[in-house]
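Subject: Structure for you to look at

Hello,

Here is the structure I said I would pass on. Please open it first, then read the notes below it.

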Amino acid sequence: MKPIKVGLLGMGTVGSGTFNVLKRNQEEIQRRAGRGIEITMVADLDVARAQSLVGEGVQVVGDARTVIANPEIDIVIELIGGYGIAKSLVMEAIAAGKHVVTANKALLAVHGTEIFAAAQAKGVMVAFEAAVAGGIPIIKSLREGLTANSIQWVAGIINGTTNFILSEMRDKGLDFGDVLKEAQRLGYAEADPTFDIEGVDAAHKVTLMSAIAFGIPVQFDKAYVEGITKLGAADIKYAEQLGYRIKLLGITKRTAQGIELRVHPSLVPTQRLIANVEGAMNAVMVQGDAVGTTLYYGKGAGSEPTASAVIADLVDITRLHTADPLNRVPHLAFQPGAMSNLAVLPMADVVTSYYLRLRVADQAGVLAKLTGFLADAGISIDAVLQREADQVSLAGENQTDVIILTHDTREGTLNEVLVQMQALPTVMAPIVRIRKEELN
């Protein structure tokens, strides 16, 4: 059979990795796919640089629409990123009857429902393994490997930048700002790291996993998103003393009330494997009713790890290129007519347990007052840790930290109690609240 012809939009880090891995492993890939896969056109704004990377045998153009318009191109790989021009190009490729492979989690998390519907109507595939957790095949696992299961929850470390920062904060006892500067110097964090450190990147990814796990539309706008910028070295130290590590988790969970979809720092018991994922690595836990708990670990970013996922999608599309569209694996695992309308819960209705740290005046009766507020709201306490007085205020008053771990409670109920606690004159600083996830 003649080779499948591919057009590549964007010759950056992942684009060059995809070209190189496909070329290096060409024979092995052809044996698996059943026919050759060739990148015959590349679009990049820096034509000269891209041409130097791909050599003379590949046509390089400056306009991505030239690739889409080429009738010989079967698959378009979109590696430009962002919501703007990338969306237009993907929709134009679909309209032209091209299959699409993309690593663009932001685009799919925000516009996925529209894009998948267009692909379904046109009878083409949109594959996006590389959009979540880089080289870890978590999309394929959720869509195919775990298809016999009723998925109960998914929880993942799906942003390497924040995991590197949290690992360094724990190892070196430093605060967030100091470690961020070091992460930027080493290239682990972007010059503008907002999407990473504020949790937005992880929220894009968990939105996609939630849609596949539970067969719901892509709903990024309903995700709760909280980053790591307010975490201090003290909380990481206290968590360690209590037998926990703090990780930024993307969590989606099926409950009787609806679907939880949230990203935030979480205390995870140190005996969990995911709590010991360090540096820039990624890991995703999936709980299924039949299989139990499974864990997927690996590099979540980088040129060749992400290229591995892009090429796996190319092979999948090549295998199914001539198949009846009705016999292909659906984009979001469930048949389009069988998608669920389960609601995504507002964060106030989520039930979980909590770590609270309060900087208080070292006076008799303060602890009793705090625990009384919790008792009045029906919130039971798992543990209390009171430190020795370690600071003196300007007024000469001793201050100390009180750490409270709660049992499961509704977040909205806890929010009301925190307002009461914060209003006490003996609470000397903003209360730190971190959610606790046992993951069992």
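Buried means under 20% relative accessible area, exposed means over 50%, and partly exposed is in between, with a 1.4 Å probe and protein chains only. The model is predicted, so local features need pLDDT of at least 70 and side-chain atom pairs pLDDT 80 or more, while totals for chains, interfaces and linings use all residues. Residues are numbered from 1 along each chain as its sequence is written, and side-chain values use heavy atoms, without hydrogens or water.

Aromatic pairs

Rings of Phe, Tyr and Trp (its six-membered ring) pair if their centres lie within 6.5 Å; planes under 30 degrees apart are stacked, over 60 edge-to-face, and the rest tilted. The structure has 2 such pairs. One is tilted: F116 and F128, at 5.4 Å between centres and 35° between planes. F116 is buried at 6% relative accessible area, and F128 is buried at 2%.

F164 and Y188 are stacked, because their ring centres are 4.1 Å apart and their planes are at 20°. These two residues are 24 apart in the chain. F164 is buried, at 7% relative accessibility, whereas Y188 is partly exposed, at 38%.

Helix contact

Helices are DSSP runs of H or I with at least four residues, numbered from the N terminus. In the contact (heavy atoms within 4.5 Å), L166, M169 and R170 of α8 meet A233, I236 and E240 of α12.

Regards
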